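Welcome! Please take a look at the sequence and the structure below, and then follow the briefing topic by topic.

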Amino acid sequence: MGQPFTDDVVAAVRRHMNGDHADDSLLICRSLGGRPDATAAAMTGMDGDGIDFTAVVDGRDVPVRVPFSRPLTERAEVRPEVVRMYREACAALGLPPRS
């Protein structure tokens, strides 16, 4: 699909995820990103097809790409999709999601 989001939108989402939801990013990387051994994660970017993270695995930075469930074209679609990812990650890891 490519990049429907401006650099400002990506930067704002990245700041929010890394500032307020670092633990959620780690859960997403551990489950949906296929990195159960990750000890930390930070969002690095996104486009209409997915979100990119850097996960720390065995002390090394490893890129992790998690696809969205469908192509996104508007900023308003990002939050519900990331919440879906978080809830799916919690379910996969057997953890209760926040309410």
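**A first look**

Ala76 is found in the loop between S3 and H3. Helices (H or I, at least four residues) and strands (E, at least two) are DSSP runs, numbered from the N terminus. This is a predicted model, in which local features need pLDDT of at least 70 and side-chain atom pairs count only at pLDDT 80 or more, while totals for chains, interfaces and linings use all residues. Residues are numbered from 1 along each chain as its sequence is written, and side-chain values use heavy atoms, with hydrogens and water left out.

- Is Ala76 buried or exposed? At 62% relative accessibility, Ala76 counts as exposed; here buried means under 20% relative accessible area, exposed over 50%, and partly exposed in between (1.4 Å probe, protein chains only).
- Ala76 and Leu26 are 50 residues apart along the chain, and their C-alpha atoms are separated by 23 Å.
- Asp49 lies in the loop between S1 and S2, and with a relative accessible area of 28% Asp49 is partly exposed.
- Asp49 and Ser69 are 20 residues apart in sequence, and from C-alpha to C-alpha they are 8.3 Å apart in space.

**The sheet**

- Strands of a sheet pair through backbone hydrogen bonds, either parallel or antiparallel.
- Here you can find an open sheet of three strands in the order S1-S2-S3, with antiparallel pairing; two strands pair if DSSP finds at least two bridges between them.
- Strand S1 (38-46) and strand S3 (60-67) stand at the edges with a single partner strand each, so one side of each has no neighbour in the sheet.
- Neighbouring strands of this sheet are turned by 30° against each other on average, direction ignored; axes are lines fitted to C-alpha atoms, for helices over the stretch in contact, and angles run from 0 to 180 degrees between N-to-C directions.
- H3 packs on the sheet and touches S1, S2 and S3, and the direction of H3 makes about 110° with that of S3. Contact means heavy atoms within 4.5 Å.

**How the strands are joined**

- S1 and S2 pair in the antiparallel sense over seven bridges, and a hairpin joins S1 to S2 through three residues.
- Which residue of S2 stands opposite Ala42? That residue is Thr54, and the bridge partner of Thr54 in S3 is Pro63.
- Strand S2 (residues 50-57) runs antiparallel to S3, and eight bridges join the two.
- S2 and S3 form a hairpin with two residues between them, and Asp58 in the turn has a positive phi of about 55°.

**Helix H2**

- How many of the ten residues of H2 are buried? Seven are, and H2 is mostly covered.
- The buried residues of H2 are Asp24, Ser25, Leu26, Leu27, Ile28, Cys29 and Ser31, and they pack against H1, S1, S2, S3 and H3.
- Asp24 lies in helix H2 (residues 22-31) and has a relative accessible area of 7%, which means that Asp24 is buried.
- Leaving aside neighbours within four places in sequence, Asp24 is in contact with Tyr86 and Arg98.

**The largest pocket**

- Rolling a probe the size of a water molecule over the atoms shows where empty space is left.
- The largest pocket has a volume of about 390 Å³. On a 1 Å grid over the protein atoms alone, a pocket is an open set of points where a 1.4 Å probe fits, with protein on both sides within 12 Å along at least five of seven lines, and lining residues have an atom within 4 Å of a point. Grid points are joined across faces, edges and corners, and a volume is the space filled by probe spheres set on the points.
- Of the 14 residues that line the largest pocket, His16, His21, Arg79, Val82 and Val83 are the closest to its centre.
- Helix H1 (7-20) and helix H3 (78-93) are the elements that give two or more residues to this lining, and H3 gives the most, with six residues.
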